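Here is a short report on one protein chain. It covers the fold, the salt bridges and a surface patch.

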Amino acid sequence: MKKKDENIKDSELKKKEKRREENNIKATIDYKKATSETSNACTTQELNGQFYQQETKKQRQQIQMIQNSNMHLVGEGLSSLNVRELKQLENKLERGITRIRSKKHEMILAETENLHKREIQLEQENASLRSKIAENERLRELSMMPAGGQEYSAIQQYLARNMLQLNMMEGGVPNSYHHQLPTDKSLELQ
C-alpha cells in the first residue's frame, strides 16, 4: 500500500515537473517572439551597445573569479570554501608543486651537464697551457746551455713552427694565451 502511495506521489511530481517544463518552454517561446518583434525596431548601435554591456559583465565576472582563485591559491579567503572545494584546491596545489619540482629537477640536471662540459673544456685548456709552459721551460733551459748560436736559432725556429701549427689546429688562441718565444735579448736580461 505504501509503495502504491509513493508511486502515485512520484507520478504526480513527474506530471507537475512536466507541466512546469511546458510552461517554461511556452514562456521562452513567448519571450523570443516578443524580443524578436522589438529587436526589429532596435538600431545597430543599440544592439552593439547591448552586446558590449553583456561582454563587459562577463569579463568582470571572469576577472572576479580569477582574483578569487588567485587568493585561494595563496591561502587567502578560504573561509568561504566548503570541505570539497578545499580538497579540490589542495589537489590542484599538489599537482602544481609536482610540476614545479619536475621542472626544477630538469633545470638542475641541464645545469649540471653544462657545468660538467665546462669542466672538461677547462681541463683541456689547462693541459694545453701546461704543455706550453713546459715547452717554454725547456726552451729556457736550452738557451742557458752553452751551445752554438746556430743550434739555438734552429731550436727556436722549430718551436715557433710547432706553436704556429698548434695555434692553427686549435682555431686560434685568444690573445691572452699567446706566448712569445724568448729572444736572445730577453734571455740575457733574465
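A contact here means heavy atoms within 4.5 Å. The model is predicted. Of the contacts in the chain with a separation of 6 or more, 53% join residues 24 or more positions apart.

The chain has five helices and zero strands. Along the sequence the pattern reads α-α-α-α-α. Buried residues make up 9% of the 190 residues. The accessible surface comes to about 17,000 Å², and 55% of that belongs to carbon and sulfur atoms.

The whole structure holds five salt bridges. Three of them are listed here, among them one in helix α2.

| Salt bridge | N to O distance | Helix | Spacing |
|---|---|---|---|
| E55 and K58 | 3.7 Å | α2 | three residues |
| K87 and E90 | 3.6 Å | α3 | three residues |
| E113 and K117 | 3.5 Å | α3 | four residues |

E55 and K58 are separated by about one helical turn, because they sit three residues apart in helix α2. K87 and E90 are also about one turn apart, in helix α3 (residues 83–144). For E113 and K117 the spacing is again about one turn of the helix.

How accessible are these side chains' residues? E55 is partly exposed at 27% relative accessibility, and K58 is partly exposed at 46%. K87 is partly exposed at 45%, as is E90 at 38%. E113 counts as partly exposed at 46%.

Now the surface patch. L73, V74 and L93 form a nonpolar patch with about 230 Å² of accessible area together. L73 lies in helix α2 (residues 44–73). L73 is partly exposed, with a relative accessible area of 31%. Patch residues need over 30%, so L73 passes that cut-off.

Methods. Residues numbered from 1 in each chain as written. Predicted model: local features only at pLDDT ≥ 70, side-chain atom pairs only at ≥ 80, totals over all residues. Heavy atoms only, no water. Patch = residues over 30% accessible without salt bridge, like charges linked within 9 Å, V, L, I, M, F, W, Y side chains within 5 Å. Areas by Shrake-Rupley, 256 points an atom, 1.4 Å probe, with all protein chains shown as cover. Salt bridge = Lys/Arg side-chain N within 4 Å of Asp/Glu carboxyl O. Helix = DSSP H or I, 4+ residues; strand = E, 2+ residues; numbered from the N terminus. Buried < 20%, exposed > 50% of the residue type's maximum accessible area, 1.4 Å probe, protein only.
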